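Here is a short briefing to read alongside the model. It goes topic by topic, with the cut-offs given where each term comes up.

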Amino acid sequence: MPVTPMRTRRWKPLALAVSAVLVSLTAPALTATPAAATTTAYDDTYYEDAVGKTGTALKSSLHTIISDQDKISYSAVWNALKVTDQDPSNSSNVILLYSGVSRSKSLNGGDSGDWNREHTWAKSHGDFGEATGPGTDLHHLRPCDVAVNSTRGNLDFDNGGSTVTNGGGSLVDSNSFEPRDADKGDVARMILYMTVRYEGDDGWADLEPNDSVGNGSNPYMGRLSVLKQWNDEDPPSAFEENRNEVIYDTYQHNRNPFIDHPEWVEAIW
Ligand SMILES: [Ca+2]
Ligand SMILES: [Ca+2]
């Protein structure tokens, strides 16, 4: 894993540091363990004001911590997604949300067969659009097949429905969308990140989860009880953890706390 120069390295992947030392002591480096082994243990300096808290106190602390960030433009999101969502098995491709398809980075666009920028927190829920802010926040933006993105639309998330065409097992009905199993936890943690990051104190709507579907343009996303289940059923993967790291190191310099600490979902909700 490359060590990228950072603005302020308050968060340090302890396992990475330890493995680097071990590698230096046990040449040849080719025998080093895979990078995936570095994604579980770390030092919690980034979260030091939040550790030990629960409920609204935890949510408030996390809001303060993760609101210290840089932002990128919507046009810059294209190239950022080519880095954050690169296929680990093919550096020419990105992995698409909901379908799991690996597709050429160069097929970004709006035509059939292209991939585009999915707002996992639908931009109409709170009407934040594509201006720099929640509409360009990489923590919830993912490459997605154009047609699958259109099928998801601005639906809330819930279980059930009929099979989405080329959707990797995702389901849809009249008022909700269910991602394929491997993306369920990712979606839950992205949605809950947005609710903590956006609290109505910076000119954008206060985004909040609720247990409804059909939230329309209200700044809510459901269903919370289902998102909590999905967070449990699909824990953070190496892909998801790497994406969090790249956003922190290279782009926004803030983290999704629920990827680092999925247990904080239960601690707050
Ligand atoms: Ca997953
Ligand atoms: Ca909020």
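Strand 1 (residues 86–87) and strand 2 (residues 90–95) pair in the antiparallel sense through two bridges. Strands and helices here are DSSP runs numbered from the N terminus (strands are E with at least two residues, helices are H or I with at least four), and two strands pair if DSSP finds at least two bridges between them. Please keep in mind that this is a predicted model: local features need pLDDT of at least 70, side-chain atom pairs count only at pLDDT 80 or more, and totals for chains, interfaces and linings use all residues. Residues are numbered from 1 along each chain as its sequence is written, while chains are lettered from A and ligands numbered from 1 in the order in which they are written.

- Q86 has V94 of strand 2 as its bridge partner, and strands 1 and 2 form a hairpin with two residues between them.
- Strand 2 also runs antiparallel to strand 3 (residues 102–104), to which three bridges join it.

- Another open sheet has four strands in the order 6-9-8-7, and its pairing is mixed.
- Strand 6 (156–157) and strand 7 (162–163) stand at the edges with a single partner strand each, so one side of each has no neighbour in the sheet.
- Strand 7 pairs with strand 8 (residues 171–172) in the antiparallel sense over two bridges, and S162 has V172 in strand 8 as its bridge partner.
- N166 lies in the loop between strand 7 and strand 8; this residue has a positive phi of about 55° although it is not a glycine.

**Core and burial**

- Buried residues make up 42% of the 269 residues in the chain; a residue is buried if 20 or more other C-beta atoms, placed from the backbone, lie within 10 Å of its own, exposed if 12 or fewer do, and partly exposed in between.
- The largest nonpolar core has 52 residues, and those with the most contacts inside it are L96, I191, L192, M194 and L227.
- Helix 5 (residues 181–197) gives the most to this core, with eight residues.
- A nonpolar core is a set of buried Ala, Val, Leu, Ile, Met, Phe, Trp, Tyr and Cys residues joined through C-beta atoms within 7 Å.
- Leaving aside residues up to four places away in sequence, M194 touches W121, P134, H140 and L207; contact means that the C-beta atoms of two residues, placed from the backbone, lie within 7 Å.
- With 14 C-beta neighbours inside 10 Å, N166 counts as partly exposed.

**Helix 3: which face is buried?**

- V77, A80, L81 and T84 are the buried residues of helix 3 (residues 74–84).
- Seen down the helix axis, they fall within an arc of 105°, so they line one face of helix 3; the arc is that of the directions from the axis to the C-beta atoms.
- On the other side of helix 3, S75 and N79 are exposed.
- The buried residues of helix 3 pack against strand 2, strand 4 (115–119), strand 5 (141–145) and helix 7 (238–251).

**Backbone points to check by eye**

- G222 and R223 are joined by a cis peptide bond, with omega about -5°.
- R223 lies in the loop between strand 11 (220–221) and helix 6 (224–233).
- H253, in the loop between helix 7 and helix 8 (257–260), has a positive phi near 60° and is a residue other than glycine.
- H253 counts as partly exposed, with 18 C-beta neighbours inside 10 Å.

**The chain overall**

- The secondary structure comes to nine helices and eleven strands.
- Among contacts between residues at least 6 apart in sequence, 58% join residues at least 24 apart.
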